[in-house]
Amino acid sequence: MTHASDTGETTDTSDTHMTNGNGFQGHGHAGTPAEHDRTTSPNGHVRLSTEGLPDWLAPVVRAAETVKPTQLSRFLPPESGAGRQSAVLILFGEGAQGPELLLMERSGSLRSHAGQPSFPGGSLDPEDGDPQTDGPLRAALREAEEETGLDPRGVQLFGVLPRLFIPVSDFVVTPVLGWWRSPSPVGVVDPAETARVFTVPVSDLTDPDNRATAVHPRGHEGPAFLVESALVWGFTAGVIDKILHFAGWERPWDRTKQVPLDWRA
């Protein structure tokens, strides 16, 4: 699999209709969870649904519906349509310390971005389908299963963020939002690619003591998180930073606190 790496700068009971700059659409109903599968429709298409989500995810749903691409990053997909189509799964669960996110750490033996934390994800395969419809949704679930052992049947996809661009790797990335409504065991599937799989409490991500500005030797700067014995930076940290901000979860933090990156980053 080809991984969408993190190098780059960033960052009521009525029926609801979700759409954003990606053109994805889905329908949901806030209230009691339905008995049917909310991820796959009867015709086999992967779909989005806000039905039965926990109340604390409502700000993330609103953010996904309203945020504009330029509010997330200055790196946007080329108008020519060029770039390697990929997707990442931003999976929210609920653990012992409350809401949490699923992350993984790349193997230290990889030639590029070794040891770097990231969301599960990677390039779209032909069998994932149309990149303009549910292809990124399928890819996000497939890659998460391949990399972490996640059972996709327990994941409810509820939104997507606008596509972003990672210039150094030419990836056009669709961030797919999911709710881990039926948690399954996760862990390293292939040690050659993944060093570990872990969850991070959202409360740790919003803790000002765990926040810093990562500074690359080339001069790039961006948000970073020091959590779970890991330094989360680059694309992943940028997206997390924007989610916290637009969901209204961000707490004031010291942006002058810097963490230097080495040349291998």
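This is a predicted model: local features need pLDDT of at least 70, side-chain atom pairs count only at pLDDT 80 or more; totals for chains, interfaces and linings use all residues.
**Close-up 1. Trp56 and Phe92 form an edge-to-face aromatic pair.** The ring centres of Trp56 and Phe92 are 6.3 Å apart and their planes stand at 65°, so the pair is described as edge-to-face, since planes over 60 degrees apart are counted in that way. The pair links distant parts of the chain, because Trp56 belongs to the loop between β2 (25–29) and α1 (58–66), whereas Phe92 belongs to strand β3 (residues 84–95), and the two residues are 36 residues apart. Both Trp56 and Phe92 are buried.

**Close-up 2. Trp56 also pairs with Trp249, and the two belong to an aromatic cluster.** The pair of Trp56 and Trp249 is tilted, with 6.4 Å from centre to centre and 45° between the planes. Here, too, distant parts of the chain are linked, with Trp56 in the loop between β2 and α1 and Trp249 in the loop between α5 and β14, 193 residues apart. Trp249 is buried, as is Trp56. One aromatic cluster is formed by Trp56, Phe92, Trp179 and Trp249.

**Close-up 3. Asp128 and Arg142 meet in a salt bridge.** The structure holds ten salt bridges, and in this one the side chains of Asp128 and Arg142 meet at 2.8 Å, taken from N to O. Asp128 lies in the loop between β6 (121–123) and α3 (135–148), while Arg142 lies in helix α3, so the pair ties together parts that are 14 residues apart in sequence. Asp128 and Arg142 are buried.

**Close-up 4. Arg142 meets Glu143 as well, within a network of salt bridges.** The side chains of Glu143 and Arg142 meet in a salt bridge of 3.3 Å, N to O. Glu143 is buried, because its relative accessible area is 1%, and Arg142 is buried with a relative accessible area of 14%, where the cut-off for buried is under 20%. The network of salt bridges links Asp125, Asp128, Arg142, Glu143 and Glu146.

**Close-up 5. Asp151 and Arg153 meet in a salt bridge.** The side chains of these two residues come to 2.9 Å, N to O. Asp151 is partly exposed, with a relative accessible area of 25%, whereas Arg153 counts as exposed at 64% relative accessibility.

**Close-up 6. Two arginines lie over phenylalanine rings.** The charged end of Arg84 sits over the ring of Phe171, at 4.3 Å from the ring centre. Arg196 lies over the face of Phe198, and here the distance from the ring centre is 4.2 Å.

Close-up 7. Strand β11 (residues 211–215) pairs with strand β12 (residues 221–227) in the antiparallel sense over five bridges, and Val215 stands opposite Glu221 in β12.

Note on methods. Residues are numbered from 1 along each chain as its sequence is written. Side-chain values use heavy atoms; hydrogens and water are left out. A salt bridge is a side-chain nitrogen of Lys or Arg within 4 Å of a carboxyl oxygen of Asp or Glu. Helices (H or I, at least four residues) and strands (E, at least two) are DSSP runs, numbered from the N terminus. Buried means under 20% relative accessible area, exposed over 50%, partly exposed in between (1.4 Å probe, protein chains only). Two strands pair if DSSP finds at least two bridges between them. Rings of Phe, Tyr and Trp (its six-membered ring) pair if their centres lie within 6.5 Å; planes under 30 degrees apart count as stacked, over 60 as edge-to-face and the rest as tilted. A charge sits over a ring if NZ of Lys or CZ of Arg is within 6 Å of the ring centre and within 35 degrees of the ring normal.
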